[in-house]
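Subject: Structure handover

Hello,

Here is the structure I promised to pass on. My notes on what was found in it follow below.

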Number of protein chains: 2
Amino acid sequence: MGTTQLETVPEPKYWHLKTVLSEALDSEFAVGEILPNERDLAARFGVARATLRQALEQLELEGRLQRRRGVGTTVAPPRMGVAVGSAQGTWPGAVGDAWQPADCGPAVPPADVARMLETLPEEQVHRVRRTRVSHGQPVAAELLYVPTSSVPELTGIDAPSGAARARAVLRELAGLGLEGQDRAVELGSARADDAKALDRLPGAPVLVVTTRFFAEGRTAAVSVATYRADTCRLTFGDSGGVEIHHGPERHAS
Amino acid sequence: MGTTQLETVPEPKYWHLKTVLSEALDSEFAVGEILPNERDLAARFGVARATLRQALEQLELEGRLQRRRGVGTTVAPPRMGVAVGSAQGTWPGAVGDAWQPADCGPAVPPADVARMLETLPEEQVHRVRRTRVSHGQPVAAELLYVPTSSVPELTGIDAPSGAARARAVLRELAGLGLEGQDRAVELGSARADDAKALDRLPGAPVLVVTTRFFAEGRTAAVSVATYRADTCRLTFGDSGGVEIHHGPERHAS
DNA sequence: CAGTGGTCTAGACCACGGT
DNA sequence: CCGTGGTCTAGACCACTGA
């Protein structure tokens, strides 16, 4: 008998399904359109719902879909480019930096941040909370850790709380001469509080951008910013700030 | 002290499980140590294997675990920092840039790359494949697209194949005056070929770094590099190249 | 070969958003 | 209230690794 056409196709069902759906999204759906619900889709493709969900998860990870509990699954717009490294460094809070200070209070930084700041393990620092909105959507939440030694003028004053205090810390910081900065990007998952700020479920994939600010020969502040990985493409303009339009194509399938 | 008591605690099991495991990893396990298998772990925690796996997946995404089919689950070392933006830009292939040219041949670039290169939709360009190894492990696979117009000297010559040809293209490129570059980072999932090069399964999370190289007033080349998201922390040294040691702590839970 | 993680199924119930 | 996606279960089989 003829051997069957398919010589060894141990391609997982969910993988094949993802490809099929991806092509359908390109050709048959418009941005914002809602897909059939998961139960219907699974039945239509003859697979269990869990398998269908595995494919949808991948597509959501790649920024092609957006799923919201109680609502449905919609076709996501192309990722928005968010500038994160404006040429030479500037202090956070510089004019027009797209961040909105939300809060500020004392806190003990995580151990890795404390190491960068060279503070003692249990030492408190100022922690400024900020959020970033782009195209009407929250895209990032930031925790900025500022040792009290970096903003000495603030130590004794009566402390306005909330956003006012946050602005005061940023203003103090801007007085220092910024000597350089250092950035790292890695994959993480949203903590419960970040998730809420980003309008996502806890555990959602995020791009964590850690920035060290150097002044007076030491690390004057550390920023840990978590960006929604599904909707954001981080841009680092090492040259003139050329704006690029990306199409719906994907870099990795 | 406050009222922050449980107003409702429908915390998912897998989320709680992840927290418990995460703490256990910090205190009771050494890097490289193998965990009990999934069936045992699930039984020990009194959950279904699928639920246990959901927790493990998160931990793997955060770079705390490494799972290999047929082998087992091991405790991963802290993510390694890989430099991806060495101060001022240099052409790919500059001395000591940690990349190893593997192959080169003609190819039609994806539509978004073609747009950046301003080539015609079906126009062929040189495609150089390179891989990057760090600490004895493959960490990234790159596709570098170079329009024929950027390396005119190469058009007529007899073409050595493979790595030799790749090196020839890079050498030609280095002759141009680099005017700047532009970088973007986003989350993706590994294509089948990238997955093989990175020793991962297809669909594994990757950080996709797209770099545009400008010369002679236009985009002379585009690089699309996919880094293993589980093992890598991308560093962008905007200031002097200070080396940072990160501990096992995580930025996002 | 035995043991591991990877895939898949067919159900069930829950939390949430809108009506 | 209903319909949605999110969580969870208890199985089954497959693909791969290493002894």
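A residue counts as near a molecule or strand if one of its heavy atoms lies within 4 Å of it. With that cut-off, 69% of the atoms of DNA strand C within 4 Å of the protein belong to sugar or phosphate, and the rest to bases.

Some ground rules. The model is predicted, so local features need pLDDT of at least 70 and side-chain atom pairs count only at pLDDT 80 or more, while totals for chains, interfaces and linings use all residues. Residues are numbered from 1 along each chain as its sequence is written, chains are lettered from A and ligands numbered from 1 in the order in which they are written, and side-chain values use heavy atoms, with hydrogens and water left out.

DNA strand C

There are 27 residues around DNA strand C. Lys13(A), Thr51(A), Asn37(B), Arg49(B) and Arg53(B) come nearest.

A polar side-chain atom of Thr51(A) lies 2.4 Å from a phosphate oxygen of DNA strand C. Glu38(B) uses a polar backbone atom, 2.9 Å from a phosphate oxygen. For Arg69(A), a side-chain N or O atom is 3.5 Å from a sugar or linking oxygen.

Two or more residues of this surface come from each of α1 (13–28) and α3 of chain A, and α2 (38–45), α3, β1 (65–68) and β2 (72–75) of chain B. Helices (H or I, at least four residues) and strands (E, at least two) are DSSP runs, numbered from the N terminus. α3(A) gives the most, with 4 residues.

DNA strand D

There are 27 residues around DNA strand D. Asn37(A), Arg49(A), Arg53(A), Lys13(B) and Thr51(B) come nearest. The surface has 9 nonpolar, 7 polar and 11 charged residues. α3(B) gives the most to it, with 4 residues.

Which part of DNA strand D lies 3.5 Å from a polar side-chain atom of Arg49(B)? It is a base nitrogen. A side-chain N or O atom of Arg67(A) is 3.4 Å from a phosphate oxygen. Ala48(B) places a backbone N or O atom 2.9 Å from a phosphate oxygen.

Chain A has 6 helices and 10 strands. An open sheet of 8 strands takes in both chains, in the order β4(A)-β5(A)-β6(A)-β9(A)-β8(A)-β7(A)-β10(B)-β3(B), with mixed pairing. Two strands pair if DSSP finds at least two bridges between them. β4 (99–107) of chain A and β3 (80–83) of chain B stand at the edges with a single partner strand each, so one side of each has no neighbour in the sheet. Neighbouring strands are turned by 20° against each other on average, direction ignored. (Axes are lines fitted to C-alpha atoms, for helices over the stretch in contact, and angles run from 0 to 180 degrees between N-to-C directions.)

Now the pairings. β8 (205–215) and β9 (218–228) of chain A run antiparallel, joined by 10 bridges. There, Thr211(A) has Ser223(A) as its bridge partner. β7(A) and β8(A) are also antiparallel, over 11 bridges. Glu186(A) stands opposite Val208(A) in β8(A). β7(A) also pairs with β10 (232–236) of chain B, antiparallel, over 3 bridges. Val185(A) stands opposite Leu234(B) there.

β7 (178–189) of chain A is mostly covered, with 10 of its 12 residues buried. Buried means under 20% relative accessible area, exposed over 50%, partly exposed in between (1.4 Å probe, protein chains only). Of the 253 residues of chain A, 51% count as buried.

One residue in chain B

Ser134(B) lies in strand β5 (125–134) of chain B. Ser134(B) counts as buried because its relative accessibility is 14%. A 2.9 Å polar contact joins the side chains of Ser134(B) and His135(B).

Best wishes

Definitions and conventions. Polar contact = N/O pair within 3.5 Å; in protein donor to acceptor, adjacent residues only side chain to side chain. Nonpolar A, V, L, I, M, F, W, Y, C, P; charged D, E, K, R; others polar.
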